[in-house]
Amino acid sequence: MRLILIRHGQTPANVAGVLESTVPGPGLTDLGQEQAEELVDALSGDTIDAIFVSSMVRTHLTAAPLAAARGIEPIVRPGLREISAGDVEGNTDAESVHQYVSTLLTWCGGHLDVRMPGAETGEEVIARFDEVVAEAEALGVGTVALVSHGAIIRAWCATRTLNVDLEFVSTHYVVNTGIVVVEGSSRLGWEVSAWLGQSVSEAAARGVASDHSPAVEREDA
């Protein structure tokens, strides 16, 4: 089957560089709303059989135009919510951002037993996303859209797909309303067939969106 992983549109916290992972969290900026509306055309050539959203309001607002255009009622699942910032929730300083991103990348390197200080372990984060993926698979349909968040999309792809790893997600970001297409199954394995409109090999060759910049890293949450 195909999973279309979509990051939410821009939020005020993204603009301010705030590590924001509370539930329900902020809504979208005017630009974020425009980005959500643009998803309708961006995905016009894709069959979508179901849409899942996280428990955070920004994913509801992002999915709304697409869901209305397709006549689909989104399914809310907390497992798709963003990785909690824990002890650094609400912070904007470089040290806090580094703690959040370095923990994320530690998970992407396979060390899922590590805990985000004051929050979940990588095992807990990936397990809750896995549960939603399993539910999507159980629908027995061809394509499901999961409207989620940047950090957790990168973490899940790095740990659960065969062709994306720590090296890739360390230098490739999921922009607001960025789309990552994954194909396969939990039984046979998943592969990323498109990362922001490119194959993994094309994206790797281009070397897009390095996450070494704190200004970029802050937009994960």
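1. Start with P24. P24 lies in the loop between α1 and α2. The peptide bond leading from V23 to P24 is cis, and its omega is near 10°. Most peptide bonds are trans, and most residues other than glycine have a negative phi. Bear in mind that this is a predicted model.

2. T177 is not a glycine, yet its phi is positive, at about 55°. T177 sits in the loop between α7 (166–171) and β5 (179–185). With a relative accessible area of 15%, T177 is buried. The other case is L196, a residue other than glycine whose phi is positive, near 55°. L196 belongs to the loop between β6 (189–195) and α8 (200–206). L196 is partly exposed, as its relative accessible area is 31%.

3. Now the overall picture. The protein chain has nine helices and six strands. Its radius of gyration is 16 Å, close to the 17 Å that the globule rule gives for 221 residues, so the chain is as compact as a globular protein of that length. The C-alpha trace spans about 45 × 40 × 30 Å along its principal axes. Of the 221 residues, 51% are buried. Take the contacts between residues at least 6 apart in sequence: 70% of them join residues at least 24 apart.

4. Next, helix packing. Two packed helices are described by the angle between their axes and the distance between the axes. Helix α2 (residues 30–42) and helix α3 (residues 57–70) cross at roughly 30°, and their axes come within 8 Å. Angles under 35 degrees count as roughly parallel, and α2 and α3 are therefore roughly parallel to each other. The crossing of α2 past α3 is right-handed. On the α2 side, the contact is made by Q33, A36, E37, L39 and V40; on the α3 side, by L61, T62, P65, L66 and A69. These contact residues comprise seven nonpolar, two polar and one charged.

5. Compare a second pair. Helix α5 (residues 122–138) packs against helix α6 (residues 150–160) at an angle of about 85°, and the axes are 10 Å apart. This angle makes α5 roughly perpendicular to α6. In α5, the residues that meet α6 are V125, I126, R128, F129, D130 and V133; their partners in α6 are I152, A155, W156, T159 and R160. The contact of α5 with α6 has seven nonpolar residues, one polar and three charged.

6. How many residues of α6 are buried? Nine of its eleven are, so α6 is largely enclosed by the rest of the structure. The buried residues of α6 include I152, R154, W156 and C157.

7. Look closely at R128, in helix α5. Is R128 buried or exposed? R128 is buried, because its relative accessible area is 8%, below the 20% cut-off. Leaving out residues up to four places away in sequence, R128 touches P78, G79, L80, R81, E82, I83, E120 and I152.

8. Finish with T11, in the loop between β1 (2–7) and α1 (12–16). T11 counts as buried, at 1% relative accessibility. Apart from neighbours within four places in sequence, T11 is in contact with P26, G27, L28, T29 and R58. T11 and N176 are 165 residues apart along the chain, yet their C-alpha atoms are separated by 8.9 Å.

Technical notes
Residues numbered from 1 in each chain as written. Predicted model: local features only at pLDDT ≥ 70, side-chain atom pairs only at ≥ 80, totals over all residues. Heavy atoms only, no water. Axes fitted to C-alpha atoms, helices over the stretch in contact; angles between N-to-C directions. Helix = DSSP H or I, 4+ residues; strand = E, 2+ residues; numbered from the N terminus. Parallel < 35°, antiparallel > 145°, perpendicular 65-115°, else oblique. Left-handed = near helix turned anticlockwise from the far one by under 90°. Contact = heavy atoms within 4.5 Å. Nonpolar A, V, L, I, M, F, W, Y, C, P; charged D, E, K, R; others polar. Rg over C-alpha atoms; globule rule 2.2 N^0.38 Å. Buried < 20%, exposed > 50% of the residue type's maximum accessible area, 1.4 Å probe, protein only.
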